[in-house]
Amino acid sequence: MSNEPMPELQPVKSGSFFNNPRNRAAIYQILLLLGLMFFFYTIVSNALANMEARGIKSGFGFLTTTAGFDILMSLVEYDATHTYAKTFLVGLLNTILVSFVGIILATIVGFIVGVSYFSQNWLLKRISIVYVETFRNIPLLLQVFFWYFAVLSALPIVRDSINFGDAVFLNVRGLYYPEVVDEPGSAVVYGSLFLAFVAIFFLRRWAHKRQDETGEQFPVFLTSLGILIGLPLVTLLIMGNPFHLDYPEKGGFNISGGTNVIPELMALALALTVYTGAFIAEAVRAGIQAVPHGQTEAARSIGLREKRIMQLIIVPQAMRVIVPLLNSEYQSLVKNSTLATAIGYPDLFTVFVGTSLNQTGQAIEIVFMTMAVYFAINMMISFCMNRFNESVALVERK
Amino acid sequence: MREFKPLPAQPAPIDEVGVIGWLKNNLFSTPLNSLVSILIIAFLASVLPALIDWLFISANWVGTSEAACKAEGAGDGACWVFVSAWMQQFIYGSYPDGELWRINTSLIALGAVIAAPYLLPNELRNSVGVPLFLVFPFIGAAFLDGRLFGLEYVSTDYWGGFSLNIFLAAASIIIAFPLSFLWALGRRSEMPFIKSVCIVLIEFFRGVPVLALFFMGSVMLPLFFPEGTNVDKLLRVWIVLILFMSGYMAEVFRGGFQAIPQGQYEAADSLGLSYWQKTLLIIFPQVIKISMPNILATFIMLFKNTTFLLIIGIFEILSTTQTALTNSNWLGGHAAEGYIFVALVFWCCCFGMSMISSNIEKKLDTSHRN
């Protein structure tokens, strides 16, 4: 060991200016910048010239003008006298509705089918394989068409509706079911439901803490279930059942009362569920398979019961693989919901890029607004799933 | 001296071997399992016979028009005559009868180009196989168009059917290959501006619904070209497909890059290879090998998504089916037959590709799980 100072490293004198990687990087980037500037200058000036030639207005002024067309289904009040901004909102809500329904149902289907793959039942396992391989390999648009044109349009007409106990009707116009109508006092029941969730949250925390300290387990699941059902039920009885059901009634040509799901929504939600469900099932299968078998054996050897092994050992580890895959499946479900436009379900894409664009001709504004919305929805999904992923991720040594 | 005589071995219990044993272990091992099995068998028994009857036994197979399915004595099952009568349209679109050989030739050529790297001798693989691959889409398009080769001109309005799905998907992925590789390299680059441009490109094309991109191609793109130029619709769609595919493939390649050990870069550097030598000779072959299953999966997605072109009025196979279903000579409601045929065609292609992909994956998998 010597304490002599290291000789200073002299930078190697390069032959030319261009041999210095820093200069080269700067030159490449300047070239790219110039190229991009030229590209954008060209398309912007072309677009302006073209729009002037075709008499297309620009800007977002159209949003406050009257749209003048009706929309098949709307979650908020809407008619032809409302503005384009309102059509945007109606479409957005319809998109969120179908995506939400699709995500929930696809997750349920996907997890059931994915877990069935590991069933000891030979038939169940085959069926899960056949399901995944069939629906994953058929284009989604074809499935949407199949449900809409081949299945739902083969349903009977209103007069011959399929009748489930005079409460639920299924016919070619859609699915009709009773609507729950609030009466005064219903807010108390909703309030108690919320209270039940809060109580369960604290109960879980308390039970976890107690187990950490004393090792005693508390039947959290059963107690939670009891609170969740019992508390609203008690308030429901105390308040004297502040709800009534509005049953649909079948006339000769129409059904009045109740609420209904239009066949477009059913077809799209079904297709999205079945298609994405197959992909989620595959993700679940991959996740469970990624847990080494030794984990199960080790868990058995310390005497855990089979149910607890799944719950405490396999699932938490499988989730690390499943959650990132779920994230991308959810995002592609939202993007695929734009296929609504093929069967006329009034989602954002249909009412905005379809009808509104046709009427106003303002392609650039409308397409960019729509893209921005889908981008934002996907960012939100990604954000939530990443939060969720952090909670299941492996905690490594820092 | 007494001899030890073992008793003869007992036969295995009757419910542990043979068909009964198999049934007991696989279908009826627990009460819950038995219930599930019975439910499934009941469901299959109620659905399958009717389905098989409709699909095959009472189906109509021969004839040329709808009358064959409506005639006295015709079965009341599926009308496959619908599919066979429209077969040429389903495969070739409205391409002129006399020129169909051009589509067939192009399809064979496509197969040959894909097979070339396996058939060519080693020394020709890179110098001939790769350029052949990259110029194929242009030559193929020109050949189908016909003007450049002095053949009869066939406007892209007449292209269609399943061959169009294949050509569009293949032509897009071939061009997307080098483009997405560049984007992926850019995303890894240390030059901040190039890196951010690539990130924006990739995230844009991945984050936006492909349908919105198609609308962009058909409604917005014409606005960006100089006034008066009329770019062919199919060409615009091709551009959109290439960009869309590049976004996804760039992410696939990024995954591949991340799997390459740092030592490979360092070893290449220590040999004094330049950036492009290092990237193309050392890194690229390994990235391709690792990413192959994902590339195929992405391609399957693109291939299925070519049906979305129906919405902007390109006559690919699903769009042809919709047209056939509304044809005045075939108004008998043959939606199920048409969709089943298209589904079968896609299923065979996609399932075949996913088989290849999982084979590759298995070959590369060296882990010792399970």
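**Note on the predicted model**

1. Apart from its neighbours within four places in sequence, Ala85(A) is in contact with Leu63(A) and Thr64(A), contact meaning that the C-beta atoms of two residues, placed from the backbone, lie within 7 Å. This is a predicted model, in which local features need pLDDT of at least 70 and side-chain atom pairs count only at pLDDT 80 or more, while totals for chains, interfaces and linings use all residues. Residues are numbered from 1 along each chain as its sequence is written, and chains are lettered from A in the order in which they are written.

2. Ala85(A) lies in helix H2 (residues 84-116) of chain A, helices being DSSP runs of H or I with at least four residues and strands runs of E with at least two, numbered from the N terminus.

3. Three bridges join S1(A) to strand S2 (residues 168-171) of chain A, and Phe164(A) has Val168(A) in S2(A) as its bridge partner.

4. Between the chains, 47 residues of chain A are in contact with 43 residues of chain B. On the side of chain A that touches chain B, H1(A) gives the most, with twelve residues.

Terms used
Two strands pair if DSSP finds at least two bridges between them.
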